[in-house]
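Have a look at the structure below, then try each task before you read its solution.

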Amino acid sequence: MATGLRLCQIKEISDLLKHGLANPIGGHMKSSQILSKFEIFFDNWISYAKKNNFDIFTINKVKSLLFLSFDEFKNCTMSNNSRKTLIKFLCDHPENLFLNVDKTKNLAYVRMEDYLTKFDEIFSPDKFQKIKKNPIQKNLREYRKLIQTLAPFLTKSDQFLLTPCENLKTGYGLLKLHKKNAPLRPIVSSLNSICSGAETFLHNLIKPIVKNCKFSIKSTKHFKNNFPKFSKKFNEINHEIISIDCVSLYTSVNITRVVDHILDIIYKKDENGAFINIDQFLPEFEKTEIIDGIENKKTIKPPPAYILKTFFLNILTKFNSFETLTGFYTQKEGCSMGSKLSPGLANIFCDMFEKTIISSEIEKGNILEHCRYADDCLLLIKKGTPTQFSKN
């Protein structure tokens, strides 16, 4: 605990924070995001109402009440004595900082000076580039132009989803107390940022591909259910179990290669040139247009592959600037820890290699079982097996 604080004050702050981050102490409502959620909710409800033959007056009444609720909801704030006490404490003691402890729900209390020293180490020039001024206005202009290229192929709810929040991503570090000298884990959070809606849209798009990653373990419970495969095949005379940790997996992802792989799956064609999988990812939908007072229904087809590719790559490589306590940065390559898209893309990236390298070794009998949870791999291999595959 930092010096210069009275014991009673230390106890008071500790008691307020005993539940970790369960009690938020700051932030403000994002009206555009809330509005998009209300719109999506109403679109789904109106479909239900029409199917059940609700009259137009009831539908409009519900819509009016819903948006009155929106007006009240967007003005919600949290104001209590605990919040005021914590904010005052942080303002009065800027030399101190509360940090998340990596892989736990705990908080650590550290000196700002120590944090900034560790911070410079994780956001190093080889992976990140410091920029002189806030790029938010330039990024907003370019993002709005980008989503216009995809807008003709989107449902109304998806268009609302892609509405940008006027914030950059946020960069910070989690304290790794389980490591020597307690370094930081770099996090670049895209929550409530310019392209947070776009990341959600693309995250939903690639879900079927992530689900089919052959060797990926979804959870510790999934691993527990699959471990008997290892124990049944294991023979201590002939076999050994090894673990492999993928170093800096997210920042090592080859973005272009993964996006090309994803698009190859989405836009795969049969021998007659017809798309095989596209309905699973981007189904057609009907859009109603009013021309000269007459309703016309128009079928909207999926976007061409080059439009989706441009959108995908730009979201991952062009809008990756973020703000930190020490200034503004942009990530040079790979995916960021903290992005909604990163786990799925990293999973697909690993799966691309596993289905060639690992599958080949399994066919040869060198590997009996292999599974991966995020960036940690567990393998049951034949003793004396060359380990070159682990270096590829």
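Ala, Val, Leu, Ile, Met, Phe, Trp, Tyr, Cys and Pro count as nonpolar; Asp, Glu, Lys and Arg count as charged; the others, Gly among them, count as polar. Keep in mind that this is a predicted model.

**Exercise 1.** Describe the lining of the second largest pocket by class and by the elements that supply it.

*Solution.* 
Step 1: Start with the space: the second largest pocket holds about 1,100 Å³.
Step 2: Find its centre. The pocket is lined by 37 residues, and Arg185, Cys246, Leu249, Met337 and Asp375 are the closest to the centre.
Step 3: Sort the lining by class, which gives 18 nonpolar, 8 polar and 11 charged residues.
Step 4: Look for the elements. At least two lining residues come from each of strand 5 (184-189), helix 11 (249-252), helix 15 (342-364) and strand 11 (367-373). Strand 5 gives the most, with 4 residues.

**Exercise 2.** Work out how helix 6 is placed against helix 14: roughly parallel or roughly antiparallel?

*Solution.* 
Step 1: Two packed helices are described by the angle between their axes and the distance between the axes.
Step 2: For helix 6 (residues 136-150) and helix 14 (residues 305-317), the axes come within 9 Å and cross at roughly 155°. Helix 6 is therefore roughly antiparallel to helix 14, as angles over 145 degrees count as such.
Step 3: Name the partners. From helix 6, Tyr143, Leu146, Ile147, Thr149 and Leu150 meet Ile307, Thr310, Phe311, Asn314 and Ile315 of helix 14. By class, this contact has 7 nonpolar, 3 polar and no charged residues.

Methods:
Residues numbered from 1 in each chain as written. Predicted model: local features only at pLDDT ≥ 70, side-chain atom pairs only at ≥ 80, totals over all residues. Heavy atoms only, no water. Axes fitted to C-alpha atoms, helices over the stretch in contact; angles between N-to-C directions. Parallel < 35°, antiparallel > 145°, perpendicular 65-115°, else oblique. Contact = heavy atoms within 4.5 Å. 1 Å grid on protein atoms, 1.4 Å probe; cavity = no way out; pocket = protein on both sides within 12 Å on 5 of 7 lines; lining within 4 Å. Points joined across faces, edges and corners; volume = space filled by probe spheres on them.
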